[in-house]
Amino acid sequence: MGGVRASALAEEYGTPLVVYCRETVLARARAYARVDPEALVVYGTKAFPNVALLRLLAGEGLGADVSTRGELEFALRARVPGDRIVFHGNNKSDEELGAAAAAGALVVLDALDEGDRARAAGVETVLIRVTPGIEADTHRAIQTAQAESKFGLVADDAVTAVREARFAGLDVAGLHVHIGSQLTRSAESLLAVDRVVDVALRCRAELEWTPRVFDLGGGLAVRHSLTEAVPEPEQFARDLLLRLRERWTEPARMIFEPGRSLIGTAGFTLYRVGVVKRTPGVVYAAVDGGMSDNPRPQLYGSHYEALLANRADEPVSGIYRIAGKHCESGDVLIDSVDLPEPRRDDLLAVPATGAYTLAMASNYNGVPRPAAVLVADGRAELIRRRESLDDLLRFEN
Ligand SMILES: *Cc1c(COP(=O)(O)O)cnc(C)c1O
């Protein structure tokens, strides 16, 4: 990847290692930017909070979507300008509202009592997050717009929030909607555009207020396996933009908040194969990581493909189960995958692990988190160093 051999990366940086392709990140960012050059594209930082990636994206004119004080610090360290930071969260603390204000971020109000608190913390400009009452076609844990979602405000409350926030002295710039993540089609997102425009129309009629910003969130899926089909970012964003322009004819600026679709397929994880074990049912190949660096199979039932990076062109010899090194049977990274017969010390590459893997990593079983590198033009740059045993013991007394 990026002109660098997997074996050279494993040699220099060790395994497990998350490898990001600079060209892929840039291509995905540019695809969003092309749809509407006037739009603000903010990277959904939680997909992988990383200063080097944020800096790379900021260089392309992107901003950052953050939802905690910690994520804000990553964006600020990467020198993302405050007017390109969108601050979310269903339960922001006063400290977080104050930090968002100090950064000059656009704050997305998520509750009826948040306008007064935001004003008191010094926030000036806000969006109102609308809950459109839509079940996105994705895993329940990452649906965010069903009627009983903990996020946002249903239509009546959203109108109230606009009125009250303006009364509190806030500049209400517009409305926000985000229906979930790993969305493999646009149908529900288009419906969400309709619903958010309905709220805007009500506000215009009832409050004589019109939004100048529509933030349509993120959520586009990436393919993890060959059997999945997902829209391209450009197509997805264009469909949403066209629907909005069709339904809302007054001038308004768009915001997109892609996380996963910017970096998901740009990254793969490189593991070293250890024990290969035959049981009566399956053949296991165990790798030197697992649910501590990628909990998505356990959390969402995610399926991945894999290949032996050092023998990728050898013919497939069977079906294998890829286990991690953690002390529970559920620590299976891939339930079944076609591979040439794996042997100790082979390198296993698992594609499309750039998003929500390291971001959700843990030190379970006392395993230090892996390193991450960015590759391009035959060179690799360390963008997150491997944790050490000292790092693990830092919090102990
Ligand atoms: C998580 C999140 C995103 C990014 O979602 P992806 O699925 O990674 O594109 C965008 N906006 C909000 C409000 C989010 O919570």
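Predicted model: local features only at pLDDT ≥ 70, side-chain atom pairs only at ≥ 80, totals over all residues.

**Entry 1: cysteines**

Is cysteine 21 buried or exposed? Its relative accessible area is 9%, and the cut-off for buried is under 20%, so cysteine 21 is buried. I then looked up cysteine 203, which has 0% relative accessibility and therefore counts as buried too.

Next I wanted the disulfides. A disulfide is a covalent bond between the sulfur atoms of two cysteines. How many disulfides does the structure hold? I found 0.

**Entry 2**

A reminder to myself before the helix pairs: two packed helices are described by the angle between their axes and the distance between the axes.

I took helix α2 (residues 22-35) and helix α3 (residues 51-59) to begin with. They pack at an angle of about 45°, and their axes are 10 Å apart. That angle makes α2 oblique to α3. The crossing of α2 past α3 is right-handed. Which residues make the contact? From α2 I noted Arg22, Val25, Leu26 and Ala29, and from α3 Leu53, Leu56 and Leu57. Sorted by class, this contact of α2 with α3 has 6 nonpolar residues, no polar ones and 1 charged.

**Entry 2: helices α4 and α5**

I wrote down a left-handed crossing for α4 and α5. On the α4 side the contact uses Arg69, Leu72 and Leu76, while α5 brings Glu95, Glu96, Ala99, Ala100 and Ala103. In this contact of α4 with α5, 5 residues are nonpolar, none is polar and 3 are charged.

**Entry 3: helices α8 and α9**

I found a packing angle of about 30° and axes 9 Å apart. This makes α8 roughly parallel to α9. α8 passes α9 in a right-handed crossing. Which residues of α8 meet α9? I listed Ser189, Leu190, Val193, Asp194, Val197, Asp198 and Leu201. Their partners in α9 are Phe236, Asp239, Leu240, Arg243, Leu244 and Arg247. The classes in the contact of α8 with α9 come to 7 nonpolar, 1 polar and 5 charged residues.

**Entry 4: histidine 176**

I found histidine 176 in strand β7 (residues 171-176). With a relative accessible area of 0%, histidine 176 is buried. What does histidine 176 touch, not counting residues up to four places away in sequence? My list reads His88, Val108, Leu127, Ile128, Arg129, Val130, Val196, Asp215, Gly217 and Glu257. I followed up on glycine 217, which is 41 residues from histidine 176 along the chain, with the two C-alpha atoms separated by 6.9 Å.

**Entry 5: tyrosine 284**

Tyrosine 284 sits in strand β11 (residues 283-287). Its relative accessible area is 24%, so I put tyrosine 284 down as partly exposed. Leaving aside neighbours within four places in sequence, I found tyrosine 284 in contact with Val275, Val276, Lys277, Thr279, Arg321 and Ala323. Between tyrosine 284 and alanine 323, 39 residues apart along the chain, the C-alpha separation is 6.5 Å.

What is the peptide bond from threonine 15 to proline 16, cis or trans? I found it to be cis, with omega near -10°. Proline 16 belongs to the loop between α1 (6-13) and β1 (17-21).

I also noted two aspartates. Aspartate 345 has a positive phi, near 80°. Its place is the loop between β14 (332-339) and β15 (347-351). A relative accessible area of 49% makes aspartate 345 partly exposed. Aspartate 377 also has a positive phi, near 50°. I located aspartate 377 in the loop between β16 (371-376) and β17 (379-384). Is aspartate 377 buried or exposed? At 67% relative accessibility, with the cut-off for exposed being over 50%, aspartate 377 is exposed.

How values were computed. Residues numbered from 1 in each chain as written. Heavy atoms only, no water. Axes fitted to C-alpha atoms, helices over the stretch in contact; angles between N-to-C directions. Helix = DSSP H or I, 4+ residues; strand = E, 2+ residues; numbered from the N terminus. Parallel < 35°, antiparallel > 145°, perpendicular 65-115°, else oblique. Left-handed = near helix turned anticlockwise from the far one by under 90°. Contact = heavy atoms within 4.5 Å. Nonpolar A, V, L, I, M, F, W, Y, C, P; charged D, E, K, R; others polar. Disulfide = S-S within 2.5 Å. Buried < 20%, exposed > 50% of the residue type's maximum accessible area, 1.4 Å probe, protein only.
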